[in-house]
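Subject: Structure for your review

Dear colleague,

Please find below the structure that I am handing over to you. My notes on it follow directly after.

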Amino acid sequence: MAGRWIEQWEPEDETFWKEKGERIARRNLWFSVLSEHIGFSIWTLWSVMVLFMGPEYGVDPAGKFFLISTATLVGALVRVPYTFAVARFGGRNWTVFSAFTLLVPTVAAFMVMEPGTSYTTFVAVAALTGIGGGNFASSMTNINAFFPLRKKGWALGLNAGGGNIGVPVVQLIGLLVIGTAGAMHPRIVLGVYIPLIVVAGLCAARFMDNLAPVQNDTGAAKDAARDPHTWIMAVLYIGTFGSFIGYSFAFGLVLQTQFGRTPLQAASLTFVGPLLGSLIRPVGGWLADRYGGARITLANYAAMAVATGVVVYASGIESLTVFLIGFTALFVLTGLGNGSTFKMIPGIFHAKAIAQGLRGEEAAAQGRRLSGAAMGLIGAVGALGGLAINLAFRQSFQTSGTGTAAFWSFLAFYGVCFALTWAVYLRRTAAVPAKPQLSYAEV
């Protein structure tokens with residue numbers, strides 16, 4: 001696609017940033033948030049659709065968990081090509097295209113969402129909604145290129161948080177439809193989103209820009225894939241974002257299956273956790289900017305382990321109130337951790353560039369090059385964590401009728417993430433030569 005291209009972009013130059021760069025970057029950020037927000041809503045659409053699927057649909061809880069797992073899997077896989085599409089086609093151009101393609105799964109769901117549709121058809125349509133998960137990867141890669149390192153935690157946190165809010169928003173719309181029109185009218189939810197998708201695509205075409213200096217660099221992808229920090233951060237991101245998206249998909253089904261909530265009762269609670277987790281994500285980025293991403297991430301994993309313990313206890317005593325307290329705390333902490341872990345990525349690669357002897361804009365450009373490539377891989381692996389959570393719930397409910405066994409496995413994994421964060425980024429603060437104040441503990 002043809003589009004507006006910016007030939008020169010030097011965000012680390014403070015004069016350029018103040019006179020021109022900040023205004024352009026902020027404008028692109030806001031409309032990137034809009035498109036990503038709609039993308040998240042469509043990706044998590046089936047967390048709402050399954051609440052409308054009563055006995056007349058002939059789908060048991062295990063089958064519903066498989067539907068949302070299918071959407072999660074596809075969303076994770078498409079994140080890799082979406083990451084590199086920004087450099088190939090331009091951030092603005094790809095945002096326009098990826099926004100309008102959301103019409104495909106939305107219209108398809110509108111056509112098939114009724115009793116009598118085959119389960120295979122539901123699985124295929126659920127898979128189509130996975131393309132909404134790719135919008136996150138392209139959006140984060142694009143915004144990462146617009147902002148200087150000192151602003152990345154806030155900018156990436158705001159971009160991702162605004163996108164994540166698409167999860168509770170679609171769930172809230174589902175609640176409004178169930179509460180007013182009843183559980184027999186899922187097409188109303190889909191009808192709301194079709195014009196919103198068109199608006200997001202048109203706004204991206206009108207107000208966003210492409211950055212010419214962000215060139216398609218297959219070498220960057222190979223370098224990022226070979227760097228051990230890419231895969232270490234991918235594991236940590238499984239624990240934060242993987243938990244957020246996995247819990248967002250599964251929360252309503254857990255309430256229905258384990259605590260016997262009706263569709264209306266489940267929908268009235270489902271959106272609260274994802275909303276709080278989304279709103280807190282920029283705070284996680286801001287805290288990481290100020291105190292260091294590794295420190296915030298370590299403390300966050302300790303708190304997630306405590307919250308998971310509360311959920312396990314609540315499952316044992318069958319207390320919905322205690323369960324909701326623990327689960328809501330988990331959502332908030334996954335949001336904080338999302339912000340702090342993603343802030344670490346550009347900081348790590350910038351620190352490594354300085355350690356290699358690069359300075360100034362050259363170091364910043366190298367950091368952007370590798371961190372942008374790494375984000376796609378890390379985001380894809382993190383989203384696969386959501387798939388693992390949904391499959392763990394499915395297996396737990398199939399074997400024992402509760403999610404307790406799944407929560408025990410999550411607790412163990414958070415312990416692994418805590419130990420990994422401490423061992424790699426805090427046990428030894430690998431000081432960068434010629435700039436000892438910059439360490440992995442501060443990224």
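A search of the whole structure, which is a predicted model, finds 39 aromatic pairs. One of them joins Trp94 and Phe97, with 4.9 Å from centre to centre and 40° between the planes, and is classed as tilted. Both Trp94 and Phe97 belong to helix α5 (residues 91-100), where they are three residues apart, about one turn of the helix.

The next point concerns the packing of two helices. Two packed helices are described by the angle between their axes and the distance between the axes. For helix α2 (residues 45-52) and helix α10 (residues 166-180), the axes come within 9 Å and cross at roughly 20°. Angles under 35 degrees count as roughly parallel, and α2 and α10 are therefore roughly parallel to each other. Their crossing is right-handed. On the α2 side, the contact is made by Leu45, Ser47, Val48, Leu51 and Phe52; α10 contributes Val170, Gln171, Gly174, Val177 and Ile178.

Finally, I turn to helix α18. This helix covers residues 360-400, which is 41 residues. At 1.5 Å a residue, α18 should span 60 Å, and the 57 Å between its end C-alpha atoms agrees with that expectation. After α18 comes Gly401, which has a positive phi, near 80°.

With kind regards

Terms used:
Residues numbered from 1 in each chain as written. Predicted model: local features only at pLDDT ≥ 70, side-chain atom pairs only at ≥ 80, totals over all residues. Heavy atoms only, no water. Helix = DSSP H or I, 4+ residues; strand = E, 2+ residues; numbered from the N terminus. Expected span 1.5 Å × (residues − 1). Axes fitted to C-alpha atoms, helices over the stretch in contact; angles between N-to-C directions. Parallel < 35°, antiparallel > 145°, perpendicular 65-115°, else oblique. Left-handed = near helix turned anticlockwise from the far one by under 90°. Contact = heavy atoms within 4.5 Å. Phe/Tyr/Trp six-rings, centres within 6.5 Å; stacked < 30°, edge-to-face > 60°.
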